[in-house]
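Reader: I would like to go through this model with a few questions on its sheet, its helices and its salt bridges. Please begin with whatever term is needed later.

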Amino acid sequence: MSLVELGRYGRNEAHIIVGRLESEGIPAIAFDGGMSIMEGSWLLIPVRVMVDEDDLDEARRILTG
């Protein structure tokens with residue numbers, strides 16, 4: 001099990017994507033969301049959405065379809 005990056009998004013969008021994926025049974029996590037708040041630049045620093053490498057294709061399908 002290795003985590004891979006699905007994409008980089010704004011903080012709010014990243015958390016919506018994580019919720020969407022998890023509702024479909026795909027575990028996902030948003031990295032770097034806390035850092036952007038700490039530095040006061042939450043609108044500027046992208047948040048990485050990470051999934052298991054085995055779920056990457058399905059996660060992409062869910063987001064595009």
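Author: A residue is called buried under 20% relative accessible area, exposed over 50%, and partly exposed in between. The model discussed here is predicted.

Reader: Which residue does the side chain of Arg20 meet in a salt bridge?

Author: The N to O distance in this salt bridge is 2.5 Å.

Reader: How many salt bridges does the structure hold?

Author: One of them joins the side chains of Arg8 and Glu5, at 3.0 Å from N to O. Another is formed by Glu58 with Arg61. For the structure, the number of salt bridges is 3.

Reader: What separates Glu58 and Arg61 in helix H3?

Author: The closest N and O atoms of this salt bridge are 2.5 Å apart. Glu58 has a relative accessible area of 34%, and Arg61 is at 47%. Because the two residues are 3 residues apart in helix H3, their separation is about one helical turn.

Reader: What is the order of the strands in the open sheet?

Author: The sheet has 3 strands with antiparallel pairing. Its edge strands, each pairing on one side only, are S1 (3-9) and S2 (28-31). Neighbouring strands are turned by 30° against each other on average, direction ignored. The order is S1-S3-S2.

Reader: Which residue in S3 is the bridge partner of Val4?

Author: S1 and S3 (residues 47-52) pair in the antiparallel sense over 6 bridges. In S3, the partner of Val4 is Val51.

Reader: Which strands does helix H1 touch where it packs on the sheet?

Author: Helix H1 covers residues 11-23, and its direction makes about 15° with that of S3. The strands touched by H1 are S1, S2 and S3.

Reader: Which strands does helix H3 touch?

Author: Helix H3 (residues 56-64) also packs on the sheet. Its direction makes about 25° with that of S1. The strands touched by H3 are S1 and S3.

Notes: Residues are numbered from 1 along each chain as its sequence is written. This is a predicted model: local features need pLDDT of at least 70, side-chain atom pairs count only at pLDDT 80 or more; totals for chains, interfaces and linings use all residues. Side-chain values use heavy atoms; hydrogens and water are left out. Two strands pair if DSSP finds at least two bridges between them. Helices (H or I, at least four residues) and strands (E, at least two) are DSSP runs, numbered from the N terminus. Axes are lines fitted to C-alpha atoms, for helices over the stretch in contact, and angles run from 0 to 180 degrees between N-to-C directions. Contact means heavy atoms within 4.5 Å. A salt bridge is a side-chain nitrogen of Lys or Arg within 4 Å of a carboxyl oxygen of Asp or Glu. Buried means under 20% relative accessible area, exposed over 50%, partly exposed in between (1.4 Å probe, protein chains only).
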